Amino acid sequence: ALKLRAGDKHCLVARSKCYLKLGDTENSLKDAEASLQNDKTFSKGLYQKAETLYTMGDFEFALVFYHRGYRLRPELQKFRLGIEKSQEAIVNCIGSPSSIKLENKEDLCFISRQAESKKANQKLQNKVTKDQKWTRKQPVRNPKTERQLLGELYADKAYLEKLLKDKDLMESSTKQGIKVADLVLSGISYLDTRSEFWQQQKPIYARVRERKLRQQRWIRDKKRKPAEVGRYIVKSMEDIDMLLTGDSPEESCKKAERVLKRIQGWSDDEVPNKNELIGNLHSCIGNAQLEMGQMEAALQSHKMDLEFARQNDLRDAVSRALGNVGRVYARIGKFQQAIDTWEEKIPMAKSSLEKTWLFHEIGRCYLELNEAGAAQNYGRKSLQSADEEGDAEWQLHATVLVAQAQVKLKDYRSAIMNFEKALEKAKLIHNEAAQKAIIIALDDVSKSFIEELNKRREEPTFAFSSPDYDFSSENTKDDDFEKFREREESEQSAENQDGEKQKEDARNSKEEHGNSKEGGNEQENKEEESKGEEKRRDRK
């Protein structure tokens with residue numbers, strides 16, 4: 001780009017950045033100064049020159065150019081940050097300005113001798129003569145200090161210094177013709193330069209001071225006041241609940257996990273109810289995971305809540321955890337496990353409303369398992385608790401459960417009665433969806449009831465008690481037909497009795513007539529016999 005547009009200030013700044021990344025501060029400074037040759041107010045050139053001077057360790061000149069850029073472009077944040085880091089580096093090197101007293105004995109010339117000496121040192125280091133010796137004088141520095149300055153790079157420097165002792169290796173050259181000794185010396189020189197820069201930027205005593213300050217802040221943060229801890233916990237739990245109820249389960253889960261991690265790092269003295277709070281947070285995480293559809297994770301979280309509650313003998317927490325574990329089991333279709341869990345919770349239920357919910361859910365699970373008798377039993381218990389609480393909505397749910405169980409038991413008459421009661425409750429609380437569902441259920445039950453009646457009519461012996469409940473129109477017509485049939489049968493039986501009586505009278509009269517006829521025949525026989533006697537006498 002510079003070949004096509006020689007002297008382009010933007011290209012010069014870009015190349016200066018590349019030189020700076022490579023550690024070639026001299027060429028980086030040249031390109032930065034060249035970008036300012038025609039335009040002294042070029043902000044990018046000013047910033048690049050200040051950055052190069054700062055990297056070279058010339059913090060005073062870097063501060064000057066940071067200030068120039070800040071005056072020209074105060075909206076740029078990078079100039080303000082440059083001023084702050086330059087001032088901090090100067091203070092670390094020479095101490096606070098308030099602790100230094102200047103005496104104006106002679107005229108002070110604003111010359112950076114440090115920069116000149118740096119450039120001279122770099123030129124001497126870059127010049128490698130043919131008769132250069134591999135042995136070099138090491139600066140007098142405490143190994144511990146040097147290790148702290150270089151950090152992980154200290155091992156690299158030690159390795160390079162070890163290579164200098166291998167004379168055969170130092171006399172060899174690479175494929176490009178560069179002597180290995182030159183490469184090793186340039187690497188050691190670079191590390192020395194870096195250590196000097198880091199020593200000026202942030203000397204060891206400044207690092208020790210920062211470490212002490214961090215420890216003090218950590219101790220101060222650790223020793224929180226109970227009031228602050230309490231406010232933090234209350235506020236965090238409120239936020240978690242609000243996020244969960246506000247259809248943000250993922251955010252609620254993340255916040256609960258952050259709070260849990262923080263509380264686990266506090267001592268029992270700072271948080272007296274630490275175990276109870278940890279269990280509560282596991283419960284919140286489990287509820288959020290349940291809303292997100294993460295069933296297995298939710299089950300594990302609620303089981304951890306149950307484990308913490310049992311370990312610390314927290315009865316209320318155990319009851320809460322059992323309810324949540326049963327809820328997850330029911331959601332994933334493990335109804336028997338849900339029943340076992342909720343039945344363990346029954347003795348811990350405190351209010352009638354809690355019992356209403358608990359009995360209803362157990363009955364619902366039994367209904368899913370096709371155990372209609374147990375479902376009806378728990379539905380009636382739920383209805384009784386709902387009546388004690390006076391909650392119309394739970395009365396509706398419990399009545400529907402009882403009716404559904406009775407349908408499975410084929411007790412259609414009772415099912416219709418309970419569905420009618422549930423419909424009244426649904427109208428009372430203005431639940432239109434429940435009303436529609438109950439009407440459909442009533443229609444289905446009525447059809448089943450009629451089919452059952454038809455089957456009974458076909459049987460030879462039919463016995464049915466008189467209805468005591470007002471059913472639908474179809475059922476009413478059917479009842480009228482039954483009454484008519486019963487009346488007809490009674491009249492027919494009366495006629496049959498009269499006919500049998502007449503037949504019996506006729507039979508009796510016939511018998512008497514027969515008896516009288518037999519008596520007459522005997523008399524005639526006697527007369528004929530007497531006549532025959534007389535004739536025989538006359539013949540004689």
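Over residues 402-429 the chain is 86% helix and 0% strand, with the end C-alpha atoms 19 Å apart; helices (H or I, at least four residues) and strands (E, at least two) are DSSP runs, numbered from the N terminus. UniProt, in an unreviewed entry, assigns the feature "coiled-coil region" to residues 402-429; such annotations may be inferred rather than shown by experiment. The model is predicted, so local features need pLDDT of at least 70 and side-chain atom pairs count only at pLDDT 80 or more, while totals for chains, interfaces and linings use all residues. Residues are numbered from 1 along each chain as its sequence is written, and side-chain values use heavy atoms, leaving out hydrogens and water.

**Overall structure**
- The protein contains 23 helices and 0 strands.
- Of its 540 residues, 33% are buried, where buried means under 20% relative accessible area, exposed over 50%, and partly exposed in between (1.4 Å probe, protein chains only).

**Salt bridges**
- The whole structure holds 13 salt bridges, each defined as a side-chain nitrogen of Lys or Arg within 4 Å of a carboxyl oxygen of Asp or Glu.
- Arg15 and Asp31 form one of them, at 2.9 Å from N to O. This pair links distant parts of the chain, with Arg15 in helix α1 (residues 9-22) and Asp31 in helix α2 (residues 25-35), 16 residues apart.
- Arg15 is partly exposed at 36% relative accessible area, whereas Asp31 is buried at 6%.
- Asp305 pairs with Arg320, their closest N and O atoms being 2.8 Å apart. Here too the pair links distant parts of the chain: Asp305 belongs to helix α15 (residues 295-311) and Arg320 to helix α16 (residues 315-331).
- Asp305 is buried, with a relative accessible area of 1%, and Arg320 is partly exposed at 27%.

**Buried residues**
- Ala405 lies in helix α20 (residues 392-408) and is buried because its relative accessibility is 0%.
- Beyond neighbours within four places in sequence, Ala405 contacts Leu367, Ala372, Ala375 and Gln376; contact means heavy atoms within 4.5 Å.
- Lys255, in helix α13 (residues 249-264), is buried yet has no salt bridge, and the nearest side chain of opposite charge, Asp239, is 4.1 Å away. For charge, Lys and Arg count as positive and Asp and Glu as negative; His and the chain ends are not counted.
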